[in-house]
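Thanks, everyone. Please have the sequence and the structure open.

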Amino acid sequence: MPLSKFTAPTSKEISFRMDKIPDHIWRQCPICHQSFYEKKLGQAGVCPECGYGFRLGAQKRVEQVADQFKPIDVDLKAPAQFQDAKYLAKLAKARQVTELNESVLTGIARTGKQCFGLGVMDSRFIMGSLGSATGEKITRLFEKCTQEKLPVILFTASGGARMQEGIHSLMQMAKISQAVAEHSVAGLLYVAVLTDPTTGGVTASYAMQADIILSEPRTLIGFAGRRVIEQTIHQKPPVDFQRAETLLKHGFLDAIVPRAELKTTLAKLLRWHQKGGQAE
Amino acid sequence: MSSSLTAYERVLAARKASKISIQTLINGLCDDFMAFHGDRAAGDDPAVIGGIGLLGEQPVTVVGIQKGDDLAENNARHFGCAEPEGYRKALRLMTQAEKFQRPIVALINTPGAFPGVDAEYHGQGSAIAQCLLTGLKLKVPYISVIVGEGGSGGALALAVGDTVWMFENSVYSILSPEGYATILWKDSRKAPEAAEQMGLTPEALKAAGIIDRIIPEVIDAASLASFKQALCQKLQQLQAQSVPELLSERRARYRQF
(Lines give C-alpha, C1' and ligand atoms only; values in the text may rest on other atoms or scores of the structure.)
Protein backbone atom coordinates (compact mmCIF):
# COMPACT_ATOMS: atom_id res chain seq x y z
CA MET A 1 0.00 0.00 0.00
CA PRO A 2 1.48 3.32 -0.98
CA LEU A 3 2.30 5.45 2.01
CA SER A 4 0.60 8.42 0.41
CA LYS A 5 -2.83 6.83 0.75
CA PHE A 6 -3.39 8.79 3.98
CA THR A 7 -2.03 12.26 4.51
CA ALA A 8 -1.72 13.53 8.04
CA PRO A 9 -3.48 16.84 8.73
CA THR A 10 -1.17 19.79 8.99
CA SER A 11 -0.88 21.55 12.33
CA LYS A 12 -2.85 24.42 10.86
CA GLU A 13 -5.70 22.04 10.01
CA ILE A 14 -5.59 20.52 13.47
CA SER A 15 -5.84 23.86 15.21
CA PHE A 16 -8.71 24.82 12.89
CA ARG A 17 -10.57 21.63 13.87
CA MET A 18 -9.87 22.18 17.56
CA ASP A 19 -11.39 25.63 17.34
CA LYS A 20 -14.62 24.02 16.15
CA ILE A 21 -14.89 21.98 19.39
CA PRO A 22 -16.39 24.04 22.19
CA ASP A 23 -14.41 24.26 25.42
CA HIS A 24 -15.36 22.03 28.35
CA ILE A 25 -17.20 19.54 26.20
CA TRP A 26 -14.73 16.87 27.31
CA ARG A 27 -13.88 16.19 30.89
CA GLN A 28 -11.16 14.08 32.37
CA CYS A 29 -11.58 12.08 35.56
CA PRO A 30 -8.81 13.04 38.03
CA ILE A 31 -8.82 9.51 39.41
CA CYS A 32 -8.99 7.09 36.44
CA HIS A 33 -7.81 9.71 33.90
CA GLN A 34 -10.42 8.64 31.34
CA SER A 35 -11.78 11.40 29.14
CA PHE A 36 -15.47 11.49 28.43
CA TYR A 37 -18.19 13.64 26.94
CA GLU A 38 -19.21 16.12 29.62
CA LYS A 39 -22.92 15.30 29.45
CA LYS A 40 -22.05 11.84 30.75
CA LEU A 41 -21.24 13.42 34.14
CA GLY A 42 -25.01 13.63 34.60
CA GLN A 43 -26.92 15.50 37.28
CA ALA A 44 -24.95 13.85 40.07
CA GLY A 45 -21.50 14.69 38.66
CA VAL A 46 -20.06 11.18 38.57
CA CYS A 47 -17.32 9.74 36.34
CA PRO A 48 -19.04 7.29 33.94
CA GLU A 49 -15.91 5.12 33.89
CA CYS A 50 -14.95 4.61 37.56
CA GLY A 51 -17.84 6.07 39.57
CA TYR A 52 -15.74 8.80 41.23
CA GLY A 53 -17.92 11.65 42.41
CA PHE A 54 -16.60 15.00 41.21
CA ARG A 55 -16.26 17.56 44.02
CA LEU A 56 -19.51 19.38 44.71
CA GLY A 57 -20.29 22.74 46.22
CA ALA A 58 -22.20 22.56 49.49
CA GLN A 59 -25.44 24.01 48.11
CA LYS A 60 -25.47 21.50 45.23
CA ARG A 61 -24.91 18.66 47.67
CA VAL A 62 -27.80 19.83 49.83
CA GLU A 63 -30.08 19.84 46.76
CA GLN A 64 -29.04 16.28 45.99
CA VAL A 65 -29.73 14.82 49.45
CA ALA A 66 -32.57 16.83 50.99
CA ASP A 67 -36.08 17.92 49.96
CA GLN A 68 -36.02 20.98 52.19
CA PHE A 69 -33.23 22.81 53.95
CA LYS A 70 -33.18 25.70 56.38
CA PRO A 71 -29.64 26.98 56.98
CA ILE A 72 -28.46 28.13 60.41
CA ASP A 73 -25.56 30.37 61.51
CA VAL A 74 -25.21 31.82 58.01
CA ASP A 75 -23.48 34.94 59.32
CA LEU A 76 -20.95 33.27 61.57
CA LYS A 77 -17.45 34.24 60.39
CA ALA A 78 -13.83 33.67 61.37
CA PRO A 79 -13.07 35.53 64.64
CA ALA A 80 -11.67 39.06 64.36
CA GLN A 81 -8.45 38.06 66.15
CA PHE A 82 -7.06 36.76 62.85
CA GLN A 83 -5.83 39.85 61.05
CA ASP A 84 -3.22 38.58 58.61
CA ALA A 85 -3.89 40.39 55.33
CA LYS A 86 -3.18 37.35 53.15
CA TYR A 87 -5.54 35.24 55.21
CA LEU A 88 -8.28 37.87 55.09
CA ALA A 89 -7.92 38.03 51.30
CA LYS A 90 -8.20 34.25 51.09
CA LEU A 91 -11.34 34.30 53.21
CA ALA A 92 -12.89 37.04 51.08
CA LYS A 93 -12.18 35.14 47.88
CA ALA A 94 -13.53 31.89 49.31
CA ARG A 95 -16.73 33.62 50.41
CA GLN A 96 -17.15 35.07 46.95
CA VAL A 97 -16.57 31.75 45.15
CA THR A 98 -18.74 29.63 47.43
CA GLU A 99 -21.35 32.15 48.61
CA LEU A 100 -20.78 30.67 52.06
CA ASN A 101 -19.58 32.37 55.23
CA GLU A 102 -17.32 29.44 56.14
CA SER A 103 -16.13 26.04 54.91
CA VAL A 104 -19.28 24.30 56.13
CA LEU A 105 -22.96 24.85 55.45
CA THR A 106 -25.20 23.73 58.32
CA GLY A 107 -28.93 23.61 58.82
CA ILE A 108 -32.02 21.58 59.49
CA ALA A 109 -33.17 19.45 56.58
CA ARG A 110 -36.15 17.36 55.66
CA THR A 111 -36.44 14.41 53.29
CA GLY A 112 -39.90 12.89 53.10
CA LYS A 113 -41.08 12.77 56.70
CA GLN A 114 -37.59 12.69 58.18
CA CYS A 115 -36.22 15.79 59.86
CA PHE A 116 -32.46 15.91 60.52
CA GLY A 117 -29.47 18.16 61.08
CA LEU A 118 -27.39 18.45 57.93
CA GLY A 119 -23.83 19.74 57.59
CA VAL A 120 -21.94 19.88 54.32
CA MET A 121 -18.31 20.93 54.05
CA ASP A 122 -17.19 22.69 50.89
CA SER A 123 -13.68 21.98 49.59
CA ARG A 124 -13.74 25.17 47.52
CA PHE A 125 -13.55 27.18 50.77
CA ILE A 126 -9.78 27.21 51.58
CA MET A 127 -9.74 23.46 50.90
CA GLY A 128 -12.52 22.83 53.40
CA SER A 129 -10.04 23.55 56.17
CA LEU A 130 -11.14 23.50 59.80
CA GLY A 131 -11.27 27.10 60.98
CA SER A 132 -12.66 28.32 64.30
CA ALA A 133 -15.95 29.33 62.68
CA THR A 134 -16.17 25.97 60.87
CA GLY A 135 -15.77 24.27 64.23
CA GLU A 136 -18.29 26.56 65.88
CA LYS A 137 -20.89 25.90 63.19
CA ILE A 138 -20.50 22.13 63.40
CA THR A 139 -20.53 22.25 67.22
CA ARG A 140 -23.73 24.31 67.21
CA LEU A 141 -25.34 21.91 64.74
CA PHE A 142 -24.68 18.98 67.06
CA GLU A 143 -25.83 20.97 70.10
CA LYS A 144 -29.06 22.04 68.40
CA CYS A 145 -29.74 18.47 67.29
CA THR A 146 -29.02 17.13 70.79
CA GLN A 147 -31.52 19.63 72.18
CA GLU A 148 -34.15 18.94 69.52
CA LYS A 149 -33.46 15.18 69.52
CA LEU A 150 -32.58 15.07 65.82
CA PRO A 151 -30.13 12.82 63.98
CA VAL A 152 -27.15 14.45 62.25
CA ILE A 153 -25.84 13.75 58.76
CA LEU A 154 -22.48 15.35 58.03
CA PHE A 155 -20.68 15.40 54.67
CA THR A 156 -16.97 15.90 55.27
CA ALA A 157 -14.61 17.42 52.68
CA SER A 158 -11.41 18.88 54.06
CA GLY A 159 -7.69 19.16 53.65
CA GLY A 160 -7.49 19.25 57.47
CA ALA A 161 -6.46 22.01 59.84
CA ARG A 162 -6.50 25.68 58.85
CA MET A 163 -2.84 26.66 59.13
CA GLN A 164 -3.63 30.37 59.36
CA GLU A 165 -5.52 29.85 62.62
CA GLY A 166 -2.78 27.69 64.15
CA ILE A 167 -3.52 26.05 67.50
CA HIS A 168 -7.10 27.42 67.46
CA SER A 169 -7.77 25.16 64.50
CA LEU A 170 -6.46 22.16 66.47
CA MET A 171 -8.78 23.01 69.38
CA GLN A 172 -11.79 22.72 67.06
CA MET A 173 -11.17 18.98 66.92
CA ALA A 174 -11.65 18.79 70.69
CA LYS A 175 -14.64 21.15 70.72
CA ILE A 176 -16.51 19.26 67.99
CA SER A 177 -15.63 15.86 69.51
CA GLN A 178 -17.20 17.01 72.77
CA ALA A 179 -20.43 17.95 70.97
CA VAL A 180 -20.45 14.66 69.02
CA ALA A 181 -19.99 12.74 72.29
CA GLU A 182 -22.94 14.52 73.90
CA HIS A 183 -25.16 13.90 70.89
CA SER A 184 -24.18 10.25 71.03
CA VAL A 185 -24.75 9.92 74.78
CA ALA A 186 -28.28 11.26 74.17
CA GLY A 187 -28.92 8.16 72.05
CA LEU A 188 -29.06 10.01 68.75
CA LEU A 189 -27.87 8.86 65.34
CA TYR A 190 -24.87 10.42 63.59
CA VAL A 191 -24.05 9.43 60.02
CA ALA A 192 -20.85 10.75 58.41
CA VAL A 193 -20.44 10.71 54.65
CA LEU A 194 -16.76 11.06 53.79
CA THR A 195 -16.38 12.84 50.46
CA ASP A 196 -13.34 13.72 48.39
CA PRO A 197 -11.02 14.70 50.07
CA THR A 198 -11.32 13.93 53.80
CA THR A 199 -7.91 14.20 55.47
CA GLY A 200 -5.87 15.39 58.45
CA GLY A 201 -7.59 16.66 61.58
CA VAL A 202 -11.08 16.12 60.18
CA THR A 203 -10.33 12.41 59.67
CA ALA A 204 -8.76 12.34 63.14
CA SER A 205 -11.92 13.66 64.76
CA TYR A 206 -15.57 13.88 63.70
CA ALA A 207 -15.26 12.05 60.35
CA MET A 208 -14.31 8.89 62.23
CA GLN A 209 -16.67 9.32 65.21
CA ALA A 210 -20.01 8.58 63.54
CA ASP A 211 -22.28 5.64 64.31
CA ILE A 212 -22.35 4.89 60.59
CA ILE A 213 -19.53 5.98 58.27
CA LEU A 214 -20.25 6.05 54.54
CA SER A 215 -18.25 7.22 51.58
CA GLU A 216 -18.51 7.68 47.83
CA PRO A 217 -16.51 5.57 45.37
CA ARG A 218 -12.83 6.50 44.93
CA THR A 219 -12.87 9.14 47.69
CA LEU A 220 -9.51 10.16 49.16
CA ILE A 221 -9.54 9.53 52.92
CA GLY A 222 -6.51 9.64 55.19
CA PHE A 223 -4.71 11.24 58.09
CA ALA A 224 -1.14 11.95 56.96
CA GLY A 225 -0.76 13.24 53.42
CA ARG A 226 1.04 11.17 50.79
CA ARG A 227 3.83 13.74 50.43
CA VAL A 228 4.41 13.88 54.18
CA ILE A 229 4.80 10.11 54.28
CA GLU A 230 7.15 10.11 51.31
CA GLN A 231 9.31 12.91 52.68
CA THR A 232 9.33 11.92 56.35
CA ILE A 233 9.90 8.20 56.26
CA HIS A 234 10.79 7.73 52.59
CA GLN A 235 8.11 5.13 51.99
CA LYS A 236 6.32 5.14 48.65
CA PRO A 237 2.63 4.50 49.26
CA PRO A 238 0.79 2.41 46.66
CA VAL A 239 -1.50 4.25 44.23
CA ASP A 240 -4.80 3.33 45.88
CA PHE A 241 -3.67 3.48 49.47
CA GLN A 242 -5.97 6.20 50.79
CA ARG A 243 -9.00 5.51 48.60
CA ALA A 244 -12.40 4.62 50.07
CA GLU A 245 -12.13 1.07 48.67
CA THR A 246 -8.91 0.51 50.64
CA LEU A 247 -10.42 1.88 53.86
CA LEU A 248 -13.45 -0.37 53.40
CA LYS A 249 -11.14 -3.37 53.06
CA HIS A 250 -9.27 -2.39 56.24
CA GLY A 251 -12.45 -1.97 58.22
CA PHE A 252 -12.85 1.81 58.58
CA LEU A 253 -15.99 2.38 56.48
CA ASP A 254 -19.42 0.82 56.81
CA ALA A 255 -20.23 1.12 53.12
CA ILE A 256 -19.38 2.89 49.88
CA VAL A 257 -22.53 4.34 48.35
CA PRO A 258 -22.66 5.66 44.76
CA ARG A 259 -23.74 9.29 44.69
CA ALA A 260 -26.97 8.58 42.83
CA GLU A 261 -28.11 6.28 45.68
CA LEU A 262 -27.08 8.50 48.59
CA LYS A 263 -30.41 10.24 49.13
CA THR A 264 -32.45 7.04 49.31
CA THR A 265 -29.79 5.30 51.42
CA LEU A 266 -29.69 8.14 53.95
CA ALA A 267 -33.49 8.32 54.09
CA LYS A 268 -33.58 4.59 54.78
CA LEU A 269 -31.01 4.85 57.58
CA LEU A 270 -32.97 7.73 59.14
CA ARG A 271 -36.19 5.65 59.00
CA TRP A 272 -34.50 2.67 60.61
CA HIS A 273 -33.38 4.84 63.51
CA GLN A 274 -36.61 6.77 63.88
CA LYS A 275 -37.21 5.38 67.35
CA GLY A 276 -33.87 6.76 68.50
CA GLY A 277 -31.51 4.97 70.83
CA GLN A 278 -31.13 4.68 74.52
CA ALA A 279 -29.79 7.74 76.27
CA GLU A 280 -27.05 7.03 78.81
CA MET B 1 15.88 31.82 81.97
CA SER B 2 13.61 30.34 79.35
CA SER B 3 11.58 33.48 78.80
CA SER B 4 14.65 35.12 77.27
CA LEU B 5 14.77 32.44 74.57
CA THR B 6 13.30 33.17 71.14
CA ALA B 7 10.38 31.01 70.05
CA TYR B 8 12.62 28.90 67.84
CA GLU B 9 15.20 28.48 70.59
CA ARG B 10 12.34 27.16 72.67
CA VAL B 11 11.50 24.67 69.91
CA LEU B 12 15.12 23.49 69.98
CA ALA B 13 15.07 23.30 73.80
CA ALA B 14 11.91 21.17 73.65
CA ARG B 15 13.67 18.80 71.24
CA LYS B 16 16.99 18.70 73.07
CA ALA B 17 18.43 15.25 73.65
CA SER B 18 19.02 16.11 77.31
CA LYS B 19 15.26 16.65 77.85
CA ILE B 20 14.03 14.31 80.57
CA SER B 21 12.52 11.19 79.02
CA ILE B 22 8.94 10.23 79.80
CA GLN B 23 10.08 6.94 81.34
CA THR B 24 12.54 8.73 83.66
CA LEU B 25 9.81 11.17 84.59
CA ILE B 26 7.37 8.35 85.36
CA ASN B 27 10.00 6.56 87.45
CA GLY B 28 10.63 9.77 89.34
CA LEU B 29 6.96 10.56 89.92
CA CYS B 30 5.75 7.09 90.86
CA ASP B 31 6.97 5.07 93.81
CA ASP B 32 6.21 1.94 91.86
CA PHE B 33 5.24 1.70 88.21
CA MET B 34 4.13 -1.32 86.25
CA ALA B 35 3.99 -0.98 82.48
CA PHE B 36 1.16 -2.65 80.59
CA HIS B 37 1.36 -3.57 76.95
CA GLY B 38 -0.74 -4.00 73.85
CA ASP B 39 -3.94 -2.66 72.33
CA ARG B 40 -5.73 -6.04 72.53
CA ALA B 41 -6.28 -5.90 68.79
CA ALA B 42 -3.13 -5.82 66.72
CA GLY B 43 0.04 -4.91 68.54
CA ASP B 44 2.07 -3.00 71.09
CA ASP B 45 3.50 0.36 70.08
CA PRO B 46 6.81 1.11 71.85
CA ALA B 47 6.24 4.86 71.36
CA VAL B 48 3.45 4.76 73.93
CA ILE B 49 4.14 3.84 77.54
CA GLY B 50 1.20 3.03 79.76
CA GLY B 51 0.57 1.45 83.09
CA ILE B 52 -0.28 1.97 86.73
CA GLY B 53 1.93 3.63 89.29
CA LEU B 54 1.67 4.91 92.81
CA LEU B 55 1.56 8.69 92.95
CA GLY B 56 1.95 9.47 96.58
CA GLU B 57 -0.55 7.19 98.26
CA GLN B 58 -2.81 6.42 95.35
CA PRO B 59 -2.63 4.32 92.19
CA VAL B 60 -2.95 6.35 89.00
CA THR B 61 -2.99 5.35 85.34
CA VAL B 62 -0.11 6.95 83.48
CA VAL B 63 0.10 7.10 79.70
CA GLY B 64 2.89 8.78 77.82
CA ILE B 65 4.35 9.25 74.38
CA GLN B 66 8.07 8.68 74.59
CA LYS B 67 11.04 9.40 72.35
CA GLY B 68 14.27 7.43 72.69
CA ASP B 69 17.48 8.27 74.53
CA ASP B 70 19.69 6.87 71.76
CA LEU B 71 19.34 6.02 68.09
CA ALA B 72 18.36 2.38 68.62
CA GLU B 73 15.64 3.34 71.07
CA ASN B 74 14.54 6.20 68.84
CA ASN B 75 14.19 3.83 65.89
CA ALA B 76 12.10 1.44 67.96
CA ARG B 77 9.94 4.26 69.27
CA HIS B 78 9.73 6.07 65.92
CA PHE B 79 11.21 9.19 67.56
CA GLY B 80 8.09 9.50 69.67
CA CYS B 81 5.60 9.22 66.82
CA ALA B 82 2.82 6.92 67.96
CA GLU B 83 1.03 4.47 65.70
CA PRO B 84 -2.68 3.62 65.88
CA GLU B 85 -1.82 0.65 68.12
CA GLY B 86 -0.25 3.11 70.57
CA TYR B 87 -3.29 5.38 70.72
CA ARG B 88 -5.54 2.34 71.16
CA LYS B 89 -3.33 1.06 73.98
CA ALA B 90 -3.53 4.45 75.70
CA LEU B 91 -7.30 4.54 75.24
CA ARG B 92 -7.69 1.00 76.55
CA LEU B 93 -5.75 1.90 79.70
CA MET B 94 -7.67 5.15 80.18
CA THR B 95 -11.00 3.33 79.89
CA GLN B 96 -9.70 0.79 82.40
CA ALA B 97 -8.81 3.68 84.72
CA GLU B 98 -12.38 4.89 84.46
CA LYS B 99 -13.72 1.46 85.38
CA PHE B 100 -11.58 1.37 88.53
CA GLN B 101 -12.04 5.09 89.27
CA ARG B 102 -8.34 5.82 88.98
CA PRO B 103 -7.21 9.26 87.88
CA ILE B 104 -5.22 9.61 84.67
CA VAL B 105 -1.98 11.46 84.01
CA ALA B 106 -0.89 11.81 80.37
CA LEU B 107 2.70 12.87 79.65
CA ILE B 108 3.33 13.98 76.08
CA ASN B 109 6.50 14.36 74.03
CA THR B 110 5.77 13.78 70.35
CA PRO B 111 6.52 15.55 67.08
CA GLY B 112 3.20 14.12 65.82
CA ALA B 113 1.42 10.88 64.98
CA PHE B 114 3.52 8.49 62.89
CA PRO B 115 3.12 9.18 59.17
CA GLY B 116 3.43 5.73 57.63
CA VAL B 117 1.64 3.50 55.15
CA ASP B 118 0.78 0.84 57.73
CA ALA B 119 -0.30 3.49 60.24
CA GLU B 120 -2.79 4.69 57.63
CA TYR B 121 -3.98 1.15 56.88
CA HIS B 122 -4.48 0.57 60.61
CA GLY B 123 -6.57 3.71 60.99
CA GLN B 124 -4.37 6.47 62.41
CA GLY B 125 -7.19 9.01 62.02
CA SER B 126 -9.75 6.72 63.60
CA ALA B 127 -7.49 5.89 66.57
CA ILE B 128 -6.94 9.58 67.39
CA ALA B 129 -10.64 10.33 66.86
CA GLN B 130 -11.59 7.67 69.43
CA CYS B 131 -9.08 9.05 71.96
CA LEU B 132 -10.82 12.43 71.65
CA LEU B 133 -14.40 11.13 71.70
CA THR B 134 -13.87 8.84 74.69
CA GLY B 135 -11.21 10.91 76.47
CA LEU B 136 -13.47 13.95 76.73
CA LYS B 137 -16.12 11.87 78.50
CA LEU B 138 -13.98 9.90 80.98
CA LYS B 139 -15.59 10.03 84.40
CA VAL B 140 -12.27 10.32 86.27
CA PRO B 141 -9.82 13.21 86.75
CA TYR B 142 -7.54 13.50 83.73
CA ILE B 143 -4.44 15.71 83.65
CA SER B 144 -2.46 16.26 80.43
CA VAL B 145 1.11 17.54 80.50
CA ILE B 146 3.16 18.47 77.44
CA VAL B 147 6.71 17.73 78.46
CA GLY B 148 8.63 18.38 75.23
CA GLU B 149 7.05 18.58 71.80
CA GLY B 150 3.28 18.68 71.47
CA GLY B 151 2.83 17.99 67.78
CA SER B 152 -0.62 18.41 66.29
CA GLY B 153 -3.39 15.78 66.46
CA GLY B 154 -0.91 13.19 67.66
CA ALA B 155 -0.44 15.22 70.86
CA LEU B 156 -4.05 16.40 71.15
CA ALA B 157 -5.17 12.76 71.33
CA LEU B 158 -3.88 12.67 74.92
CA ALA B 159 -4.22 16.39 75.66
CA VAL B 160 -7.95 16.70 76.34
CA GLY B 161 -7.75 16.44 80.10
CA ASP B 162 -9.46 18.54 82.79
CA THR B 163 -6.38 20.68 82.83
CA VAL B 164 -3.49 20.96 80.36
CA TRP B 165 -0.02 21.93 81.51
CA MET B 166 3.23 22.56 79.70
CA PHE B 167 6.83 22.32 80.79
CA GLU B 168 8.78 25.55 80.59
CA ASN B 169 10.84 24.25 77.66
CA SER B 170 8.06 22.74 75.60
CA VAL B 171 6.01 23.71 72.54
CA TYR B 172 2.52 22.86 71.33
CA SER B 173 1.39 23.53 67.77
CA ILE B 174 -0.70 22.51 64.79
CA LEU B 175 2.45 21.36 62.99
CA SER B 176 6.21 21.83 63.22
CA PRO B 177 7.56 25.31 62.43
CA GLU B 178 9.52 23.66 59.60
CA GLY B 179 6.29 22.26 58.15
CA TYR B 180 4.49 25.58 58.62
CA ALA B 181 7.29 27.44 56.81
CA THR B 182 7.24 24.89 53.99
CA ILE B 183 3.49 25.19 53.50
CA LEU B 184 3.20 28.96 53.80
CA TRP B 185 6.52 30.12 52.32
CA LYS B 186 7.79 26.96 50.59
CA ASP B 187 11.03 27.24 52.58
CA SER B 188 11.66 25.13 55.67
CA ARG B 189 14.68 27.31 56.56
CA LYS B 190 12.25 30.02 57.61
CA ALA B 191 11.31 27.88 60.62
CA PRO B 192 12.54 30.51 63.12
CA GLU B 193 10.15 33.13 61.64
CA ALA B 194 7.40 30.53 61.59
CA ALA B 195 7.96 29.69 65.25
CA GLU B 196 7.65 33.37 66.14
CA GLN B 197 4.37 33.68 64.25
CA MET B 198 2.81 30.44 65.48
CA GLY B 199 2.58 31.33 69.16
CA LEU B 200 3.70 27.87 70.22
CA THR B 201 5.49 28.72 73.48
CA PRO B 202 3.92 27.95 76.88
CA GLU B 203 3.61 31.68 77.65
CA ALA B 204 1.82 32.46 74.37
CA LEU B 205 -0.50 29.47 74.78
CA LYS B 206 -1.30 30.32 78.37
CA ALA B 207 -2.11 33.90 77.37
CA ALA B 208 -4.41 32.53 74.65
CA GLY B 209 -6.19 30.32 77.18
CA ILE B 210 -5.14 27.08 75.44
CA ILE B 211 -3.21 25.75 78.45
CA ASP B 212 -3.64 26.32 82.16
CA ARG B 213 -0.24 26.18 83.81
CA ILE B 214 3.48 26.32 83.07
CA ILE B 215 5.64 23.85 84.98
CA PRO B 216 9.27 24.74 85.78
CA GLU B 217 11.53 22.44 83.78
CA VAL B 218 12.27 19.20 85.64
CA ILE B 219 16.06 19.00 85.83
CA ASP B 220 16.78 17.77 89.35
CA ALA B 221 15.23 16.24 92.45
CA ALA B 222 13.84 19.55 93.69
CA SER B 223 12.06 20.46 90.44
CA LEU B 224 10.75 16.90 90.18
CA ALA B 225 9.38 17.09 93.71
CA SER B 226 7.59 20.35 93.01
CA PHE B 227 6.05 18.92 89.79
CA LYS B 228 4.90 15.88 91.75
CA GLN B 229 3.41 18.07 94.42
CA ALA B 230 1.54 20.12 91.80
CA LEU B 231 0.10 16.95 90.28
CA CYS B 232 -0.98 15.54 93.65
CA GLN B 233 -2.62 18.81 94.65
CA LYS B 234 -4.52 19.14 91.39
CA LEU B 235 -5.66 15.52 91.52
CA GLN B 236 -6.90 16.01 95.06
CA GLN B 237 -8.84 19.06 93.96
CA LEU B 238 -10.36 17.26 90.93
CA GLN B 239 -11.20 14.19 93.00
CA ALA B 240 -13.17 16.35 95.43
CA GLN B 241 -15.59 17.18 92.59
CA SER B 242 -18.62 15.07 91.74
CA VAL B 243 -18.61 13.35 88.34
CA PRO B 244 -21.23 15.72 86.86
CA GLU B 245 -19.20 18.70 88.09
CA LEU B 246 -16.00 17.29 86.64
CA LEU B 247 -17.61 16.62 83.26
CA SER B 248 -19.37 19.94 83.09
CA GLU B 249 -16.14 21.83 83.79
CA ARG B 250 -14.27 19.78 81.23
CA ARG B 251 -17.03 20.47 78.74
CA ALA B 252 -16.82 24.21 79.41
CA ARG B 253 -13.05 24.13 79.00
CA TYR B 254 -13.24 22.81 75.45
CA ARG B 255 -16.48 24.57 74.47
CA GLN B 256 -14.83 28.00 74.72
CA PHE B 257 -12.48 27.41 71.75
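Predicted model: local features only at pLDDT ≥ 70, side-chain atom pairs only at ≥ 80, totals over all residues.

On labels, residues are numbered from 1 along each chain as its sequence is written, and chains are lettered from A and ligands numbered from 1 in the order in which they are written.

Back to the two domains of chain A. The contact between them takes nine residues from domain 1 of chain A and 11 residues from domain 2 of chain A, where contact means that the C-beta atoms, placed from the backbone, lie within 7 Å. The domain 1 side has six nonpolar, three polar and no charged residues. In these classes, Ala, Val, Leu, Ile, Met, Phe, Trp, Tyr, Cys and Pro are nonpolar, Asp, Glu, Lys and Arg are charged, and the others, Gly among them, are polar.

Next, strand 4 of chain A, residues 104-111. Helices (H or I, at least four residues) and strands (E, at least two) are DSSP runs, numbered from the N terminus. Six of the eight residues of strand 4 are buried, buried meaning 20 or more other C-beta atoms within 10 Å of the residue's own, with exposed at 12 or fewer and partly exposed in between. Strand 4 of chain A pairs antiparallel with strand 3, residues 68-72, over five bridges; pairing requires that DSSP finds at least two bridges. Within that pair, Gln68(A) is opposite Arg110(A). Strand 4 of chain A is also joined to strand 5, residues 114-121, by eight bridges, again antiparallel, and Ala109(A) is opposite Phe116(A). These two strands make a hairpin with two residues between them, and Gly112(A) in the turn has a positive phi of about 60°.

Now the chain interface. Here 35 residues of chain A are in contact with 34 residues of chain B. Which element gives the largest share of the chain A side? Helix 5 of chain A does, with 14 residues. By class, the chain A side divides into 19 nonpolar, 15 polar and one charged.

The largest nonpolar core has 143 residues, and those touching the most other members are Val191(A), Ala192(A), Leu107(B), Ile108(B), Leu132(B) and Leu158(B). A core here is a set of buried Ala, Val, Leu, Ile, Met, Phe, Trp, Tyr and Cys residues joined through C-beta atoms within 7 Å. Helix 5 of chain A, residues 166-185, gives the most to this core, with eight residues. Not counting residues up to four places away in sequence, Leu132(B) touches residues of both chains, among them Met173(A), Ser205(A) and Val160(B).

Last, Ala224(A), in the loop between strand 8 (212-215) and helix 7 of chain A. Is Ala224(A) buried or exposed? Ala224(A) is buried, because 29 other C-beta atoms lie within 10 Å. Leaving aside neighbours within four places in sequence, Ala224(A) is in contact with Ile229(A), Pro115(B), Glu120(B) and Gln124(B). Ala204(A) is 20 residues from Ala224(A) in sequence and 9.8 Å away, C-alpha to C-alpha.
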